[in-house]
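Try each task on the structure before you read its solution.

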Amino acid sequence: MKSKIFEHILSIVFVSALLITALFAVTDTSRRDGNGGGKYQSQQGLGDIGFVEINSPFHRALLQDVADIFYPGSHDRNVSLVRAALLMQERALSDRLQTAYVKERLTPAKMAALAGMYVKFLVVYIVVMFLTYYGVQTLAVWQFVRERRRAGAEDSLGRIIARLAGRLASFAASMVLFSPAYVIAYSMRTDLNTDSTFFMALLGVISNGLLMVYATKFHAFLTAESRKGYVETALVKNLDSSYDAGRGGISAADILRPFKRFDGHVFDHIYRNARFQYISTIKEQAAFLITGLIIIEMALNIHGHLCYEMLRQMLYKNWDVVIAILLAIFYTVKLTELVADAWAHRAALRYENSTARP
Amino acid sequence: MSVIHHSISIADSGRTIVAIDDFSFVENEITFLFGESGIGKSLLCKALYGLLEESGLSVSVDGAAYDRHCADAWTRQVRRTSFFVFQEPSSHLNPLMRIGEQLAEGSLRGADNEREVLGRLWQDAAGGAAQRICEIYPKPYRPSGGEKQRILLAMAFKKLRLYHRDYAAGKPPTFYVFDEPTGSLDNAYRNLFLRLLFEAYAAGPFTALIITHDYSVISEMYRAHRSLLNRIHFKELVRANDGVVRLRDFSADEYLGWLRSQAPAVRGALAETEPVLTVEPSFGAFGRKLSIYGDAERRRPAPLAVRRGEIAYVKAPSGMGKTTLAKLVMGLYPADSLSMTLCGMRITHASSRSLWPREIWGKKAGMVFQHADEALDLEATVAETFTGLPLKQRFNDAAIVRLLGELFDAGEGERLLKRRVKYLSGGQKQRLNLLRSLVLDTELLILDEPLNALDFESIKRVLAMLEMKRRGGTALLMISHNEEIFDTIVDSAGVYYLGEENGNDQG
Amino acid sequence: MSALRCEDVRWAGLWFGVTAALGVWDLLFLNRPAFKRVSIGFVNTFAIAFMTAVCTLVLGWAAAVGLHGLESKGRRVRYILITFAINLARSVPQIVGILFGYIAVASFRESGAWGAGVLMFPLLALCVAVFVFPEMTDLIRERIAHFSASDFYNAMRVCGVRERRIVNLHILWRNSRIHIFNKLISVFGMAVFLLCSVDFIISVGLSSDVNEVSLPVTLGGLLATIDSKQDILAIGYTVTHPQYFPRLFFQHLQGVTVAFLIVFTLLCVHRVSTGFARRHRL
């Protein structure tokens, strides 16, 4: 654990030093540059001929042929001239698009505003983390138990239809759960306020495949543990082994409970071990979650939120603000990794017989 | 005497794993079941007990679908009254539950003999050592393999107590299975287990099936439990053809007669030369200090010496460090302290790690590891097992088939050549494991449990091949639990004992 | 028929079938310029995702085998430095790292330092692979560690088999290629997700010179166009006005096609990966 903490601290120091140095360099450069407008100035030239659409390959080919006729023997020069004209046109377009050029500096007021956005980001992040921790385990346990429940009585038409409807509903739910956040959000934009924190948290949980991917992982842990020898020993000790919902089995209430327990059942052994293994994937899940939240904020252009603010500042090339936001996101990731490592270490220590003497 | 008969078939995706027409045993008597590893002994018992998970497997018992067998009255009663002690104790205890909790869980909660059973299994009437074990979580190295085995046995004896208490009259059927119950135990603890088992049997008969590779249990039965011989049966599971097996009586006389015919290996002229391997008595690794002794009482430290054409045999309780010693000699573990001479090279704990790959591995010394399943590449074919070795000449298929003929039946080698190792039986894997090292023709060969997983016929063939190697001048260093066999074939001067330097020999 | 019983084969077949059917439908009912855009976006996305998987495999294998070699030779300093660098890459949220990578690639493209066209594909794939390969490295290292801990590794070493052969042939090729292949399937899915997301973000939020002129169009970029956004809005409208549902397949085909391709591909890749792992008991 000490080596892990040391590594985390080292990477925090390294990245902080790197970004803060970059921050000073950027601040210094922008002070020297002044409030310059666009970097590129439109130039009179080949790209400005009115009836020539330089973006069209056909027009470019024609222009080149004309140049070859008027300047024979300079084919390569003609080709590079046409290419340069295209490049100038692209830069001019960029200049025109950046008409709303907003120059912002990293002032204390700006930092205070960023701090507020960061707190909002953290709140959503923590809420989504807890919800997915619960959701992942519940989904996985439900799937595991369902696989092991005995098949019902003979198939009637009603049962077949019900099963088919269930499969369609499951498919539709999977499509929603795997949708990238922007697909769901844009679908709902007319009917819901997609800028609200509640919607953001909901989107964070149900989109980007987060729930499904990690539920599958937890399910894989449950399945792997169910094949281990101690489960057989539990069976021969006559622990309950039915997964049906009745007496001695596992009910819906058992599955939905936030702090799950399955006392007296073989599944208690399986669940304990799977949950212990799952702690080591929290880091990975947190990284995936942060990526998802960043996508949500950026893609939905939610004003006043941290990641959209970063995108906006990247557009306006206010690199000092971008670096400050990057640092904040990096520290969030690092803090999560530290907490996850500490949790995993504490859990492992508990079972290490450190206090029991030989 | 009522005999129970069952026909069992277990297949996976259409391929028969094991099938038997008549899996029979005598009710309320004890059966010892022998047979090479991987032949299906454990699977058949689990199928009968109702423990197999059907996903991916196609199981039928007495022609009926498996779920019908599991719902059958006999199976339900057996699961209520009996117990199954599984083969690998390490993986059969939950690492996230204290041992004490696992001992008192489920149907074992009502048994009142826990303290007594633990006291006897730990040979500690006060119960202190066993009590401390109950407070810990089972981890890979603590408790030891032998202790974990004893915990599972304690569970079985608790269940037996419940059976005798709850079914004093009108005994329902039982089916106690002990799968390699003494695999991690040395002879002393093995004999203790047998005593406890027969005491419980005397309190009230029950059906017990003991799966074992330890043929020396036959000698122990004849030595200490003759009165029970009429209630004991020795059976062997043998292969009929691919996947199909049959049960036959195993002749105790055949084993005992063979054992009596064995004699210590005769030292040849080569034994007068300098030892191939000499290890100074005192050595250490992983913070432990161990010593090699020349006497069973562990009073006389002696250097371990193996000459060409000699067999040396190292004995110690389970978990003492026999395999550790072998791995130190082969440079697989770093030693805290070690001084030895190997093929004329002076080697100590300070020697460079690069010495072994450069000079020793595959050239001067080789080692056969205990578990063939782990030592071999299961995804390789039998032929591919011999590729990549630093052989003096390239081996073509014909040469490999000839080599396989030394330990496999005629025609079997050719049939197995292109087969993946994972599809071989446990005994076949162990023989292949041996051949891979034997083909290197090194001066020294260390063998860690070379008879592991083998049936009686294979044991004889392997010992014959090792004898041939010995006569050819190879120095052999043996590590084995089969004390009875190796005490017979190894000259007493070649037997060494391993112990802690402070004299504590608990495993 | 027995192959169809395997969940991974079924879902792979389903993806091919449904995508082909969708292609035929679009050929009949989607206008030509839109169909061309969707086709190009589809091909670009999958080409870059495939290259990402290849780059991830190469980087992951090189890092893992390199680290194993350094560890076994006792070269602590180099081992620590490389591990530190990989952990640093792991700490960067993938989307942020790829975004900056895209900006860097677009800048180079703009400045004419590198050629256009096909070279962009491997560059973008490398951008994504740099932030994804630590997972592959972890898997390969875990497989090497698993076998090194057992007698497998030592038994071959003492027989004189060379270490490179043990690691690359016996451990990785023979005993781990199924695990690696399964990981590549999920890397492919992750690459599709990240590519579409980054392209969407850039198209929506950043200056258009990064996207329109410089970088290959992917499905994510197509989704960000005004037409597609309106089409997606129509999906939500259908939830509250079910009678509008048939029009999705005729009037809003571009956006619906692109959204469906992205979501359906991600779902199918996940199911193929899960089914494959289940079939091989990974």
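The exercises below come with worked solutions.

This is a predicted model, in which local features need pLDDT of at least 70 and side-chain atom pairs count only at pLDDT 80 or more, while totals for chains, interfaces and linings use all residues. Residues are numbered from 1 along each chain as its sequence is written, and chains are lettered from A and ligands numbered from 1 in the order in which they are written.

**Exercise 1.** Describe the side of chain C that touches chain A.

Start with the count: chain C gives 35 residues to the contact and chain A gives 42 residues (in contact: C-beta atoms, placed from the backbone, within 7 Å). Next, look at the helices (DSSP runs of H or I, at least four residues; strands are runs of E, at least two). Those that each supply at least two residues on the chain C side include helix H3 (76-91) and helix H8 (163-205). The largest share, 8 residues, belongs to H12(C).

**Exercise 2.** Work out the strand order of the open sheet of 4 strands in chain B.

Follow the pairing (at least two DSSP bridges between two strands): the order is E14-E11-E16-E17, with antiparallel pairing. Now find the edges: strand E14 (304-306) and strand E17 (345-348) of chain B each have a single partner strand, so one side of each lacks a neighbour in the sheet. Then zoom in on one pair: strand E11 (residues 277-279) of chain B joins E14(B) in the antiparallel sense over 3 bridges. Finally, pick out a residue: Thr278(B) has Ala305(B) in E14(B) as its bridge partner.

Key: Two residues are in contact if their C-beta atoms, placed from the backbone, lie within 7 Å.
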